[in-house]
Amino acid sequence: MFVKNLKTDITWAVTEEHGARLLRTEDFEEVEAPKPKRAATKKSEPDNETDK
């Protein structure tokens, strides 16, 4: 399960048991799984250099 710390705005993946304990406080809320951030990919440039 995923819980969000409302004070720090950080989302954590925790076990169901730990999440249940955290959700008893007002500092956390259950959230959906965050979408993974896409890693920036470099476009491969064609080999234009010639051997000298």
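**Close-up views: salt bridges and the N5 site**

**View 1. K7 and D27 meet in a salt bridge.** Their side chains come to 3.7 Å, N to O. K7 lies in the loop between β1 (2–5) and β2 (10–13), and D27 in the loop between α1 (16–22) and β3 (28–31), so the pair ties together parts that are 20 residues apart in sequence. A salt bridge here is a side-chain nitrogen of Lys or Arg within 4 Å of a carboxyl oxygen of Asp or Glu. Helices (H or I, at least four residues) and strands (E, at least two) are DSSP runs, numbered from the N terminus. K7 is exposed, at 67% relative accessibility. D27 is partly exposed, at 29%. Buried means under 20% relative accessible area, exposed over 50%, and partly exposed in between (1.4 Å probe, protein chains only).

This is a predicted model: local features need pLDDT of at least 70, side-chain atom pairs count only at pLDDT 80 or more, and totals for chains, interfaces and linings use all residues. Residues are numbered from 1 along each chain as its sequence is written, and side-chain values use heavy atoms, with hydrogens and water left out.

**View 2. K4 pairs with D9 in a salt bridge.** The closest N and O atoms are 2.8 Å apart. K4 is partly exposed, with 22% relative accessibility. D9 is exposed, with a relative accessible area of 52%.

**View 3. R21 and E17 form a salt bridge.** Here the closest N and O atoms are 3.9 Å apart. Both residues belong to helix α1. They are four residues apart, so about one helical turn separates R21 from E17. R21 is partly exposed, its relative accessible area being 44%. E17 is exposed, at 59%. The structure holds three salt bridges.

**View 4. N5 sits in strand β1.** N5 is buried, with a relative accessible area of 14%. A polar atom of the N5 side chain lies 3.2 Å from the backbone nitrogen of T8. For a polar contact, a pair of N or O atoms must be within 3.5 Å; within protein, one must be able to donate a hydrogen and the other to accept it, and residues adjacent in sequence count only if both atoms are side-chain atoms.

**View 5. N5 touches I10, W12, D27 and F28.** Residues up to four places away in sequence are not counted. Contact means heavy atoms within 4.5 Å. D27, one of these partners of N5, also takes part in the salt bridge with K7.
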